[in-house]
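Morning, everyone. Please have the model up in your viewer. I'll keep this short.

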Amino acid sequence: MTNKSKQRAKTEISFIVNGEPKTVRAYTMERLLDVLRQQLELTGTKEGCGEGECGSCSVLLDGMLVNSCLIPVLQAEGANIVTIEELPPEIRCISCSRRFWNTVVRSAASARRE
Ligand code: FES
């Protein structure tokens, strides 16, 4: 096996998703968005622009709001991920999800300061 093919080999990556431990086999630079949707079937996380602009792929990664289309899955190793599936169904619409996540993050930051 050449060095180049070793770099391209899939690796096991473990994290917590919506409170459950998960291990996936993925290329280290594969997008977190694709792993969530394709391997874990968490299709509530959507791809819109694919460039970090629209927020339809938003997830919480260790409490930080991130665009999963810009996050290599290796960066999520050991992390705690929360996806839109964790939200009550009545507030899952794409247009309100970004606003909701912003509110969650602001509330968490405010609670930490108190
Ligand atoms: S798909 Fe638009 S920010 Fe990720």
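Start with Phe15, which stands opposite Lys22 in E2. This is a predicted model, so to speak, a computed picture throughout. E1 and E2 run antiparallel to each other, paired over seven bridges.

Now widen the view to the sheet. What is the strand order? It reads E2-E1-E5-E3-E4, an open sheet of five strands with mixed pairing. The edges are E2 (20-26) and E4 (64-67), and each of these pairs on one side only. On average, neighbouring strands are turned by 40° against each other, direction ignored.

Back to Phe15. Leaving aside residues up to four places away in sequence, Phe15 touches Lys22, Ala76, Glu77, Gly78, Ala79 and Ile81. Two of those names, Ala76 and Ile81, come up again in the core. The largest nonpolar core has 18 residues. Phe15, Leu32, Val73, Ala76 and Ile81 touch the most other members. H2 gives the most, with four.

Last stop: Cys57. Where is it? In the loop between H2 and strand E3 (58-61). Buried or exposed? Cys57 counts as buried, because it has 29 C-beta neighbours inside 10 Å. Its contacts, again skipping residues up to four places away in sequence, are Leu33, Thr45, Lys46, Glu47, Gly48, Asn67, Ser68 and Cys69. Take Lys46 from that list. Cys57 and Lys46 are eleven residues apart in sequence, yet 4.9 Å apart in space, C-alpha to C-alpha.

That's my tour. Over to you.

Technical notes:
Residues are numbered from 1 along each chain as its sequence is written. This is a predicted model: local features need pLDDT of at least 70, side-chain atom pairs count only at pLDDT 80 or more; totals for chains, interfaces and linings use all residues. A nonpolar core is a set of buried Ala, Val, Leu, Ile, Met, Phe, Trp, Tyr and Cys residues joined through C-beta atoms within 7 Å. A residue is buried if 20 or more other C-beta atoms lie within 10 Å of its own, exposed if 12 or fewer, and partly exposed in between; C-beta atoms are placed from the backbone. Helices (H or I, at least four residues) and strands (E, at least two) are DSSP runs, numbered from the N terminus. Two residues are in contact if their C-beta atoms, placed from the backbone, lie within 7 Å. Two strands pair if DSSP finds at least two bridges between them. Axes are lines fitted to C-alpha atoms, for helices over the stretch in contact, and angles run from 0 to 180 degrees between N-to-C directions.
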